[in-house]
Amino acid sequence: GRQVLERKQDPNMWDFLSAIYLERRIFEMSASAKIDGGLGCLSGRSFGIRTSIIQDQNFIHEFKNEKWLGVLPLIAADDDNFVTRVDHDPGGQP
């Protein structure tokens, strides 16, 4: 299926605050990458990832079985953190 984004007819204050939060994060991450090579967690609401990565069986296995400090997730990092690590791994795979 194809995702279609629609604008709300009556945006409210929370919609506005969410939009400026994402705008600030994108600006901050661009500046950090340029200045010192740093990278924060990419927001799942504002980045794209190749379908071939998402469909990769190794990616799916690692995503479903992510460990934190060597144990299964008592505290899970969350999907945005996992995808950011995979996306910026020099080998390109989890």
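T84 has 8% relative accessibility, so T84 counts as buried (buried is under 20% relative accessible area, exposed over 50%, partly exposed in between, with a 1.4 Å probe and protein chains only). This is a predicted model, where local features need pLDDT of at least 70 and side-chain atom pairs count only at pLDDT 80 or more, while totals for chains, interfaces and linings use all residues. Residues are numbered from 1 along each chain as its sequence is written, and side-chain values use heavy atoms, with hydrogens and water left out.

A polar atom of the T84 side chain lies 2.8 Å from the backbone oxygen of D80. Leaving aside residues up to four places away in sequence, T84 touches L39, G40, C41 and L42 (contact means heavy atoms within 4.5 Å).

Helix α4 spans residues 79–87, and F82, V83 and V86 are buried there along with T84. The cover over these buried residues includes α2 (51–54) and α3 (57–64).

What makes up the largest nonpolar core? Its five residues are I53, F59, F82, V83 and V86 (such a core is a set of buried Ala, Val, Leu, Ile, Met, Phe, Trp, Tyr and Cys residues joined through side-chain atoms within 4.5 Å). Helix α4 gives the most to this core, with three residues. V83 touches F47, I49 and F59, not counting residues up to four places away in sequence.

Now the whole protein. It has four helices and zero strands. Buried residues make up 13% of its 94 residues.

Definitions and conventions:
Helices (H or I, at least four residues) and strands (E, at least two) are DSSP runs, numbered from the N terminus. A polar contact is a pair of N or O atoms within 3.5 Å; within protein, one must be able to donate a hydrogen and the other to accept it, and residues adjacent in sequence count only if both atoms are side-chain atoms.
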